[in-house]
Amino acid sequence: MGKVHVFDHPLIQHKLSYIRDQKTGTKEFRELVDEVGMLMAYEVTRDFETKDVEIETPVTKMKAQRLSGKKLALIPILRAGLGMTDGIMKLVPAARVGHVGLYRDPETLEAVEYFVKLPQDIEEREIIVVDPMLATGASAIEAIQSLKNRGANKIRFMGLIAAPEGVKALQEAHEDVDIYIAALDEKLDDHAYITPGLGDAGDRLFGTK
């Protein structure tokens, strides 16, 4: 069963309080999500392997640590996942970015795939699937299945807020995927919105209704 990592770092929780606040406007909301994405990426990549390299400082030669060459791919789920991607890219600028587009069928609440564009060597990459909200889990489950169908096998999920129902569904569907979130909220409401949540992340990021 994939592990669930909830980040309780004070900086992340501080920024998350403003992200949740309905008084926070689009510009500030976008900046905060970007910042939290970067802070979370610091932790999500904590177990990446390093290797010894020999360098020369202005003083002497030494062995230093660099990432061991495992390639990273960021896969935001359109469209809200885009809001966290730039923050991660600031830390790992060499990462490739793919996209998975899904929409939620209003009748069935199931995720329907409409767009997938991935790096060619996706099967060789460490993958972080990014979506701010893990509500029913349907979008994340479908996106991860799309990646697996195309050869991906080293996948982790990163989001801001999750509902217990979404975490449970994702764990059951993809037992090999670890989940990284900033908050585990109370529940889903009757419209499958996370409660207390932050509203619709895509609308708040892009100023739409």
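Lys148 is partly exposed, with 25% relative accessible area (buried is under 20%, exposed over 50% and partly exposed in between, for a 1.4 Å probe and protein chains only). The structure is a predicted model, in which local features need pLDDT of at least 70 and side-chain atom pairs count only at pLDDT 80 or more, while totals for chains, interfaces and linings use all residues. Residues are numbered from 1 along each chain as its sequence is written, and side-chain values use heavy atoms, with hydrogens and water left out.

The side chain of Lys148 meets that of Asp176 in a salt bridge, at 2.8 Å from N to O (a side-chain nitrogen of Lys or Arg within 4 Å of a carboxyl oxygen of Asp or Glu). Because Lys148 belongs to helix 4 and Asp176 to the loop between helix 5 (164-173) and strand 12, this pair ties together parts 28 residues apart in sequence (helices, H or I of at least four residues, and strands, E of at least two, are DSSP runs numbered from the N terminus). Asp176 is likewise partly exposed, at 44% relative accessibility.

By the same rule, the count of salt bridges comes to 14. One of these joins Asp185 to Arg20, with an N to O distance of 2.7 Å. The two residues link distant parts of the chain: Asp185 is in the loop between strand 13 (183-184) and strand 14 (187-188), whereas Arg20 is in helix 1, 165 residues apart. Asp185 is buried, at 8% relative accessibility, while Arg20 is partly exposed, with a relative accessible area of 24%.

A further salt bridge is formed by Glu113 and Arg150, whose closest N and O atoms are 3.7 Å apart. Glu113 lies in strand 7 and Arg150 in the loop between helix 4 (138-149) and strand 10 (154-158), so parts 37 residues apart in sequence are tied together by this pair. Both partners are partly exposed: the relative accessible area is 33% for Glu113 and 40% for Arg150.

The whole structure contains 2 aromatic pairs (rings of Phe, Tyr and Trp, the last by its six-membered ring, with centres within 6.5 Å; planes under 30 degrees apart count as stacked, over 60 as edge-to-face and the rest as tilted). The ring centres of Phe7 and Tyr180 are 6.0 Å apart and the planes stand at 45 degrees, so this pair is tilted. Phe7 is in the loop between strand 1 (4-6) and helix 1 (10-20), and Tyr180 is in strand 12 (residues 178-181); the pair thus links distant parts of the chain, 173 residues apart. Phe7 and Tyr180 are both buried.

Tyr103 and Tyr114 also form a tilted aromatic pair, at 6.4 Å centre to centre and with 35 degrees between the planes. Tyr103 is in strand 6 (residues 99-104) and Tyr114 in strand 7 (residues 111-117), 11 residues apart. Tyr103 counts as partly exposed, with 43% relative accessibility.

Thr24 is located in the loop between helix 1 and helix 2 (26-44). This residue is buried, at 9% relative accessibility. Leaving aside residues up to four places away in sequence, Thr24 touches Tyr18, Phe29, Leu32 and Arg204 (contact means heavy atoms within 4.5 Å).
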